[in-house]
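Q: Please take a close look at one single part of this model with me. I would like to follow how that part sits among its neighbours, step by step and in plain words.

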Amino acid sequence: MRIASLDATTLEACLSAAVAAPSFFNSQPWRYRLDPDTVTLEVRAAPERSLRHADPVGRALHISAGASVFNLRVAALHFGWSPVVRLLPSPEDPGLLATMRMTAPVHRTTVTLRADLYPAVWRRHSSRMPFSSRQVPPPVLAELAEAAHMEGALVTFPAPAETARMLRVASEAERRNRADTDRSTESRRWLHPDGAGATDIGLPRTALGPQDAREQIPMRDFTAQRHPERLPAQDFETTPLIALLTTEHDRRTDWLRTGQALEHVLLVATAHGVRASLLHQPMEWPDLRTELNPVPEHTGHAQMLIRLGYGPEGPATPRRAPHAVSDPETLR
C-alpha cells in the first residue's frame with residue numbers, strides 16, 4: 001500500500017479513474033467536487049449530458065455514475081485510503097448522487113477488493129468485435145457473479161435457450177431504436193464524424209465494431225441506419241456467453257448499485273483477460289425490459305445484458321480531463 005496522501009496529484013489520479021468508467025454513449029454525465037474539510041468527494045449528475053429520448057428517466061445516467069463511484073473506490077484503496085460511500089445522501093439535493101469520504105488509511109488485511117482492479121481501470125474497454133469459441137472457465141464466472149453480489153446485485157448466466165430468447169428481445173429493441181426518428185437522431189449526435197477534430201465525449205467510428213452477419217447477436221448500430229444490410233458485418237461467436245445483471249428493487253439507489261456492480265464485474269473480467277460489451281437496447285423499452293426479468297418467477301429487475309468472451313481488446317474512447325469535470329476549487 002502507498003502512503004495515504006490526498007495531494008493534488010493523488011486527487012487528479014482518482015478523478016482520472018472515475019472518468020474512465022463506462023457511460024451510456026460515452027456521455028460522461030458526471031461532475032465532482034471536493035470538500036477539503038472532510039476529505040469528501042461529491043459525485044453529481046450532469047443532466048446536460050443525458051439522453052432525453054433513450055434515457056428519459058435517467059436510469060442509464062445513474063448506472064454510469066455508479067460505475068464512476070466504483071472506480072473512485074478502487075482508486076482510493078489503491079492510494080491507501082478507506083472510502084466510505086453514501087448514495088443519494090441529500091433528499092433535498094437530487095443532483096447529488098453520491099459522496100465518498102476518504103477515511104483513515106486502510107490496512108492490507110481489511111481490503112476486500114482485488115489489488116489488480118486499479119490497473120484494470122485503464123485497460124477496460126468495450127469490445128464490439130467477434131469473440132472466439134474459447135469458453136470462459138467456471139471459476140471465472142463464479143468470481144464475476146461474486147463481484148456483482150458484493151455490490152448488492154445478481155449476475156446469472158442463462159442457459160442457451162434462455163440466452164437465445166433474450167437475444168431475440170434485444171434484437172426487437174434494436175429494430176425499434178432504428179425505426180424511432182428521435183432516438184436515431186439522438187444516437188447519431190454522439191458519434192464523431194469521419195475526419196472530425198479531437199473531442200472528449202461520444203464515440204469515434206473506430207469503436208463501433210461490425211454487425212453480426214448471422215443476425216444472432218444484436219450489436220448496437222449507433223449510426224441508426226434504416227438498412228442494416230448495408231453495415232459492415234462479420235461472423236460472431238455461435239454460442240455467445242450472456243450475463244444478466246439484476247437487482248431486487250428498481251429505485252434510484254438500485255441503479256447506482258447496478259453501476260457499481262457492473263463496473264466491478266467488468267474490471268474483474270478485464271483482470272482475467274475476458275472482453276465485454278453491453279447490450280443495453282432492451283433496457284430502453286419498458287415492455288422489453290420486463291420480458292428480461294428473471295424467469296420463471298419474474299422477480300427482480302433486469303438492469304443490463306453483458307456479452308463476455310475472448311477476443312480483440314476494444315479501442316479506447318475519449319475521456320474528459322479531471323479539471324473539466326470538477327469544480328474549479330477541487331484541483332487547485
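A: Let's begin with a term: a residue is called buried when its relative accessible area is under 20%, exposed when it is over 50%, and partly exposed in between, using a 1.4 Å probe and protein chains only. Helices (H or I, at least four residues) and strands (E, at least two) are DSSP runs, numbered from the N terminus. Please keep in mind that this is a predicted model, in which local features need pLDDT of at least 70 and side-chain atom pairs count only at pLDDT 80 or more, while totals for chains, interfaces and linings use all residues. Residues are numbered from 1 along each chain as its sequence is written, and side-chain values use heavy atoms, with hydrogens and water left out.

The part I have picked is helix α7, residues 252–271. Of its 20 residues, 17 are buried, so α7 is largely enclosed by the rest of the structure. From first C-alpha to last, α7 reaches 29 Å, close to the 28 Å expected at 1.5 Å a residue; that expected span is 1.5 Å times one less than the number of residues. After α7 comes Gly273, with a positive phi near 80 degrees.

What does α7 lie across? It lies across β3 and β4, running at about 145 degrees to β3. Contact here means heavy atoms within 4.5 Å. For the angles, axes are lines fitted to C-alpha atoms (for helices, over the stretch in contact), and values run from 0 to 180 degrees between N-to-C directions.

Those two strands belong to an open sheet of 4 strands in the order β1-β2-β4-β3, paired antiparallel. β1 (30–35) and β3 (82–87) are the edge strands with a single partner each, so one side of each has no neighbour in the sheet. On average, neighbouring strands here are turned by 20 degrees against each other, direction ignored. Two strands count as paired if DSSP finds at least two bridges between them. In general, such pairing runs through backbone hydrogen bonds, either parallel or antiparallel. Inside this sheet, β2 (residues 40–45) and β4 (residues 96–103) run antiparallel and are joined by 5 bridges, with Arg44 opposite Leu96 in β4. Another helix, α2 (residues 59–78), lies across β1, β2, β3 and β4, and runs at about 5 degrees to β4.

Val39, in the loop between β1 and β2, has a phi near 50 degrees, a positive value in a residue other than glycine. Gln28, in the loop between α1 (8–19) and β1, also has a positive phi near 50 degrees, and at a relative accessible area of 0% it is buried.

On a 1 Å grid over the protein atoms alone, a cavity is a set of points where a 1.4 Å probe fits but cannot get out, whereas a pocket is an open set with protein on both sides within 12 Å along at least five of seven lines; lining residues have an atom within 4 Å of a point. Grid points are joined across faces, edges and corners, and a volume is the space filled by probe spheres set on the points.

The whole structure holds 3 cavities of 30 Å³ or more, and the largest cavity has a volume of about 110 Å³. α7 and β11 each supply at least two residues of its lining, with β11 giving the most, 3 residues. Among the lining residues are Leu266, Thr270, Arg275, Ala276 and Leu278.

β11 is joined to β12 by 5 bridges, the two running antiparallel, and Ser277 stands opposite Arg307 in β12. β12 (residues 301–309) has 8 of its 9 residues buried, so it too is largely enclosed by the rest of the structure. β10 (residues 241–247) is antiparallel to β12 as well, through 7 bridges, and Thr247 stands opposite His301 in β12.

Finally, the largest pocket has a volume of about 590 Å³. It is lined by 31 residues, of which Pro22, Ser23, Ser126, Arg128 and Leu278 lie nearest its centre. α2, α3 (117–123) and β11 (275–279) are the elements that give two or more residues to this lining, and the largest share, 4 residues, comes from α2.
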